[in-house]
Amino acid sequence: MSTTVLPPKETSGPQASSFAEHSPLRRLLSWEGAITALLIFAVLVASFGVEGFADSFNLANAQLDIVEIAILSLTLTLLVVIGEIDLSIASNLGMCSALMGVLWNSGLSIETIIPITILVGALGGALNGFLVTVVGLPSLAVTIGTLALYRGMAYVLLGDKAVADFPVSYTTWPSKTIGDLPIPYPTILVVVLAIIVGIVLHATPVGRSLYAIGSNSEAARFAGIRVKRITFWLFVASGAFAGLAAIIYTLRFSSARADNANGLELTVVAAVLLGGVSIFGGRGTLPGVLVAVLLVGVLRNALILDDVSPETLMLVTGGLLIISVLAPNAVTWGRERWRLRRLAQKAASTS
Amino acid sequence: MSQRASTIAPGAGKPDTVAKQRSAAALLGRLARARELGLLVALFLLFGATALVNPKFIGVQSLKDILLNTAIVGLLAVGQTLVVVTRNIDLSVGSVLGLSAFVTGLLFADHDIPIAVAFVVGIVIGAVCGVINGVLVAVCRIPALVVTLGTMYLFRGADYWLAEGRQINAADMPSAFLKLGSGSIVGIPTLVLIALVLLGVAAWGMRNLRSGRELYAIGSNPDAARLAGIPVGRRLFVAFVLTGALSGLAGVLWAARFGTIDATAATGFELNVVAAVVVGGVAIFGGSGTVVGAALGALLLSTIGSALVVLKVEALWERAIDGALLLLAITLDRLLALRAERALRASASRGATTVPTDAPAPTAAAPATATTPAEGSAAHAPADAAAAPPGGDPAAPISNASKGSAR
């Protein structure tokens, strides 16, 4: 009985409460608001404090640096929302990149290689999806396994060689910008994909069902949601996006190597969590993740321009990740304490 | 065990029911030992097959090399087991190892410290890293996956920041220290002896100490463990500190074994460790598995690495084979767990149909098996009810209830 009296805010965290109460101040206090403010602050500091940051050439480059992270984060967001994880994305990218090298060496044209690469990436995702949904294994264990397997396949395919003689017309494509604007073509691709994924997640029944699965997959199943089918296809999509990211990565550096994007999965996971997606599933928004990806990109670029070693960036990435999970916890804790104190005061005044 | 079951549920006195329960319980116990046995068989076959191609593979020197290669990853696998059994994970072990190894080398190069001090410093560094992880997981209640992903970056970043591109060479370290990494005592490499002693201590503790058993309880069901009065936070904290300290020690041993250290030492090593632990039969979602299994998993993976060289398979295949083996191991586990669950359910529903009032009997039998580590893994399997065959018989709800209480 008493549960019906409780306001919904209690069981939900800082993000969810911004949906419950739509006042602008509340929205600003949400995780997405906080991280957007942080991004604006970082951009302002970088453009005034770091020489060369606001340069349009640099801005275009900075975008290119996060294209793969952005693409991979789109599908990873969906997977984390349903309470799964895919750690094999960067290895899948490496495998697809190595495959591109092999296929190019065997004389295929780029136009044939591109669909094959995306297909192979999707197949890699399908294996993850099969093991998770049909065999019933935890996705963390499965994708740690395929992380090793796909990276291993990349080495088996290409060894420690590098294929670098891709046609110039294709390798210059990623760095071409639209007119004089500092917006390279891959950014357009990311924006289009982000809009599609964003609409699916936030404006369709399928998107709502993802949150249902993440909150309680058992209940979602009883509500008629095809949990396994959706999970499987999300893993396939994750693989296909890894294939797509592999194409951009390979062409951008004009180099197919087995160790391409080694360890990138952790940066993507960090960005998704920083964006406010709960690792337990059921909570988080795509705009939040995209802002987090931008924040990671800005910090990375500004620090490199400022002659901070790229390795020190690890300190920043790790610190940001921990703060990003600590901060909402602290906010919830503080709010809870405040609420309890207010309740105690009320009780004291009425008695 | 049968005694206990019959005292708790006197209605289960029918010999037929008891026998069936006992066989189900025995199946669970067998399952736990099956993994270690299976690993030994796999190792035996691997050694046999490789020795057929090149008999030198089972020569003294070759065996010594394999054991040496296993010692460090085995040590980390033991530490990782403590954490994974509680349904957590520590991805920062590779970074902790790297940090500890570099600081050890740095102290030797710049300050000429005695060897004992190096060990103390390494272990303390590891323990401090473990304290950071432990506080974030146990006090701040952040999921371990996220925490250790973050600290993996943090500790590695600290390592780079300290190193500033510097490399420590064997010449900077005392020869007695380096001898520790390559020398032997009575024919067994020193590193292996250290690892074996710690493995023995950990195996004994996990099996016999109250706190060791409580780690399994936490992993099987954290909420139930809390309700049962287990100090969950404190246990988790200690598990992370121990894992950190072991990683710190492994860092010192790494420095002794390889002599050359820079900030990249053991990058990505955490995945090898997790692979070894999972291949060794420790369930990634906690509650089941042994440190001995994890160590055997580490031995199997490093033996495969050595065997590939002998079999003249390109070393490039090693990673792919590691991954495939991990997937194979967890798939097998899952299938075995499903079988055990079906056996349990069959005996439970039979018990329920003969004497309906005996419904609690199967539940009494299930906790009686709690001393066998497999209990957790079998209890885990039904969590995904969708995978289980739809129970068409009327006894299905009762068997569900028994599953629920077994968890």
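**Figure 1. Ala266(B) sits in the loop between H11 and H12 of chain B.** In this predicted model, the phi angle of Ala266(B) comes out near 65 degrees, a positive value in a residue other than glycine. As background for this view, most residues other than glycine have a negative phi. Is Ala266(B) buried or exposed? Ala266(B) counts as buried, because it has 28 C-beta neighbours inside 10 Å, and the cut-off for that label is 20 or more.

**Figure 2. Ala261(A) is an alanine of chain A with a positive phi.** Here the value is near 60 degrees, again in a residue other than glycine. The loop that holds Ala261(A) runs between strand S2 (256–257) and helix H15 (264–274) of chain A. Around Ala261(A) there are 27 C-beta neighbours inside 10 Å, so this residue counts as buried.

**Figure 3. Helices H7 and H11 of chain B pack against each other at an angle of about 95 degrees.** H7(B) covers residues 175–182 and H11(B) covers residues 232–258, and their axes are 7 Å apart. How are the two helices oriented to each other? An angle of 65 to 115 degrees counts as roughly perpendicular, so that is the label for H7(B) and H11(B). Do look at the side chains here: from H7(B) come Phe177(B), Leu178(B), Leu180(B), Gly181(B) and Ser182(B), and they meet Leu253(B), Ala256(B) and Arg257(B) of H11(B). Sorted by class, this contact holds five nonpolar, two polar and one charged residues.

**Figure 4. Helices H7 and H9 of chain A pack with their axes 8 Å apart.** H7(A) spans residues 89–105, H9(A) spans residues 139–158, and the angle between them is about 15 degrees. Angles under 35 degrees count as roughly parallel, and H7(A) and H9(A) are therefore roughly parallel to each other. What is the handedness of the crossing where H7(A) passes H9(A)? The crossing is left-handed. On the H7(A) side, the contact includes Gly94(A), Met95(A), Ala98(A) and Val102(A), while the H9(A) side includes Leu147(A), Tyr150(A), Arg151(A) and Ala154(A). By class, the residues of this contact are ten nonpolar, five polar and one charged.

**Figure 5. Chain B meets chain A through 43 residues of chain B and 41 residues of chain A.** Which helices of chain B each supply at least two residues of the side that touches chain A? They are helix H6 (144–163), helix H12 (269–279) and helix H14 (317–354). H6(B) gives the most to this side, with 14 residues.

**Figure 6. Chain A is built with 17 helices and two strands.** This last view steps back to the fold. Along its principal axes, the C-alpha trace of chain A spans about 85 × 55 × 35 Å. The radius of gyration of chain A is 22 Å, which agrees with the value near 20 Å that a compact globule of 351 residues would have. Of these 351 residues, 46% count as buried.

Notes: Residues are numbered from 1 along each chain as its sequence is written. Chains are lettered from A and ligands numbered from 1 in the order in which they are written. This is a predicted model: local features need pLDDT of at least 70, side-chain atom pairs count only at pLDDT 80 or more; totals for chains, interfaces and linings use all residues. Two residues are in contact if their C-beta atoms, placed from the backbone, lie within 7 Å. Helices (H or I, at least four residues) and strands (E, at least two) are DSSP runs, numbered from the N terminus. The radius of gyration is taken over C-alpha atoms; the globule rule is 2.2 Å times the number of residues to the power 0.38. A residue is buried if 20 or more other C-beta atoms lie within 10 Å of its own, exposed if 12 or fewer, and partly exposed in between; C-beta atoms are placed from the backbone. Axes are lines fitted to C-alpha atoms, for helices over the stretch in contact, and angles run from 0 to 180 degrees between N-to-C directions. Angles under 35 degrees count as roughly parallel, over 145 as roughly antiparallel, 65 to 115 as roughly perpendicular and the rest as oblique. Ala, Val, Leu, Ile, Met, Phe, Trp, Tyr, Cys and Pro count as nonpolar, Asp, Glu, Lys and Arg as charged, and the others, Gly among them, as polar. A crossing is left-handed if the near helix is turned anticlockwise from the far one by less than a right angle, and right-handed if clockwise.
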